[in-house]
Amino acid sequence: MNCFRILLFCSDRAKLPNLMQACKNMADKVHPASIMLLVAGVDAKVTALQLLESGVDEIIAVEIQEETVFSETISAILEQVIRKYNIQILLMLHTPFETEVAARVSTKLDAGCITNCLSISGDTDTLFAEKMLYGGVVTGTYAMKYPAVCTLHENICRDKWSGIVQQQAKVLIEDAEPRTVRKKVVQRRPIEKAVDLKNAERIVAIGRGLSKKEDLPLVEELSKALSAQLGCSRPLVEDYKWLKLERQVGLTGTTVAPKLYLAIGISGQIQHVVGIKDAQVVVAINNNKNAPIFEVADYGIVGDLYEAIPHLKELAQTRTY
Ligand SMILES: Cc1cc2nc3c(=O)[nH]c(=O)nc-3n(C[C@H](O)[C@H](O)[C@H](O)COP(=O)(O)OP(=O)(O)OC[C@H]3O[C@@H](n4cnc5c(N)ncnc54)[C@H](O)[C@@H]3O)c2cc1C
């Protein structure tokens, strides 16, 4: 294979350095590659010029007149670009939008698609992509022929690329093939999102140890006293419907990195614990001294949460946070 090409697409420009760094880390394990970036939108050419020093070798700019860029449009452009430039790998972050794009592009190309990859390696013929299986209990490695489509797990996209640019990217202008747009935006409504667990400094998380919904204020008061955000384990969202998904911590919830994570009545199953491994200090309250949460906790209280919470709240109220 003469020229091995990796194409990046990132719907959130602020996250491009993260995708870039993950790509650089992986490119070495695959094949010496030329890194290309697709920029598509109303001001694609202007955007491309702003990204000349983003670390990629070439930027493909495709101007489209759609104010809202749908996954159908991006997928069609990516298919066109991948075919024309003989791209081997399409790499994207793992977001709902990019995941949809990945599925569409791989279907159009009849290419392999692995989402939420933990690592990628390969040789000139085959790409190996590793991802978590069975809720994170094991990892599996998939082999794919090129072209291949991958989205990357957020854990491997934490660092931002900040390398020195030897040469500015070359900009290639492409026209999008005409397409019938079948969707249109009829109304825009802001998403109400008061909960931001990802950036919370302190989180008080409650699990199935809580006996009933009526007891939630007990935990909310402690959380308030600690100026913390309220989080929870999955059963409280999925089974009991006491709290919304935005409060769920873990594999299928949010991955958090607070200074303090207080896990109350949470057993500490792997799917929960993977979401808190970047927490600086983990404190657990559980009435079962053998609960797995104590294996990851820095401090533990073996006891009844109904006894511990009022004491902690009282203590918290004597301090300012
Ligand atoms: C694909 C998949 C994805 C998943 N994703 C997630 C995820 O993102 N997040 C998540 O949380 N889970 C997730 N799960 C579910 C996960 O496997 C566990 O079932 C879940 O985390 C258990 O929640 P829990 O610890 O609150 O409940 P339990 O496991 O029932 O634990 C309750 C704990 O409370 C303690 N307790 C009971 N009463 C008291 C009391 N009075 N005082 C003190 N302690 C008490 C018990 O000793 C026990 O340890 C996922 C599962 C799968 C299969």
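## Close-up views of a predicted model

**View 1. The 9-strand sheet.** Nine strands line up here as an open sheet with mixed pairing, in the order S7-S6-S5-S8-S4-S1-S2-S3-S9. Strands are DSSP runs of E with at least two residues, helices are runs of H or I with at least four, and both are numbered from the N terminus; two strands pair if DSSP finds at least two bridges between them. S7 and S9 (170-175) are the edge strands, each pairing on one side only. From one strand to the next, the twist averages 40°; axes are lines fitted to C-alpha atoms, for helices over the stretch in contact, and angles run from 0 to 180 degrees between N-to-C directions. This is a predicted model, where local features need pLDDT of at least 70 and side-chain atom pairs count only at pLDDT 80 or more, while totals for chains, interfaces and linings use all residues. Residues are numbered from 1 along each chain as its sequence is written, and side-chain values use heavy atoms, with hydrogens and water left out.

**View 2. Where S3 meets S9.** Strand S3 (residues 58-63) runs parallel to S9, and 6 bridges join the two. Look for Glu58 in this view: the residue opposite is Lys170 in S9.

View 3. H1 lies across S1 (4-8), S2 (33-41), S4, S5 (112-122), S6 (126-133) and S8, at about 55° to S5. Contact here means heavy atoms within 4.5 Å. H4 lies across S4, S5 and S8, and its angle to S8 is about 170°.

**View 4. The largest nonpolar core.** This core has 37 residues, and Leu8, Leu91, Ile120, Leu127 and Leu152 touch the most other members. A nonpolar core is a set of buried Ala, Val, Leu, Ile, Met, Phe, Trp, Tyr and Cys residues joined through side-chain atoms within 4.5 Å; buried means under 20% relative accessible area, exposed over 50%, and partly exposed in between (1.4 Å probe, protein chains only). Helix H1 (residues 16-30) gives the most to this core, with 8 residues. Zoom in on Leu91 and, leaving out residues up to four places away in sequence, you find Ile6, Leu7, Leu8, Phe9, Leu19, Cys23, Ile120, Cys150 and Leu152 touching Leu91.

View 5. Glu72, Glu100 and Arg104 are linked in a network of salt bridges, a salt bridge being a side-chain nitrogen of Lys or Arg within 4 Å of a carboxyl oxygen of Asp or Glu. In the Glu100 to Arg104 pair, the closest N and O atoms are 3.2 Å apart. These two residues sit 4 residues apart in H4 (residues 96-109), so about one helical turn separates them. Glu100 is partly exposed at 34% relative accessibility, and Arg104 is partly exposed too, at 30%.

**View 6. Two further salt bridges.** By the same cut-off, the count comes to 12 salt bridges. Asp12 and Lys15 meet through their side chains at 4.0 Å, N to O; Asp12 is partly exposed at 36%, and Lys15 is partly exposed at 39%. Asp215 pairs with Lys212, with the closest N and O atoms 3.3 Å apart. In that pair Asp215 is buried at 13%, whereas Lys212 is partly exposed at 42%.

View 7. A cis peptide bond joins Tyr146 and Pro147, with omega at about 0°. Pro147 lies in the loop between S7 (138-145) and S8 (148-152). Asn86 has a positive phi, near 50°, in a residue other than glycine, and lies in the loop between H3 (71-84) and S4 (89-93). Ser227 also has a positive phi near 50°; this residue is in the loop between H5 and S11 and is partly exposed at 44% relative accessibility.

**View 8. The 5-strand sheet.** The order in this open sheet is S11-S10-S12-S13-S14, with parallel pairing. Its edge strands, S11 (229-232) and S14 (299-302), each pair on one side only, and the twist averages 15° from one strand to the next. S13 (residues 281-286) and S14 run parallel and are joined by 4 bridges, with Val283 opposite Tyr299 in S14. Helix H5 (residues 216-225) lies across S10 (202-206), S11 and S12 (260-264), running at about 165° to S10.
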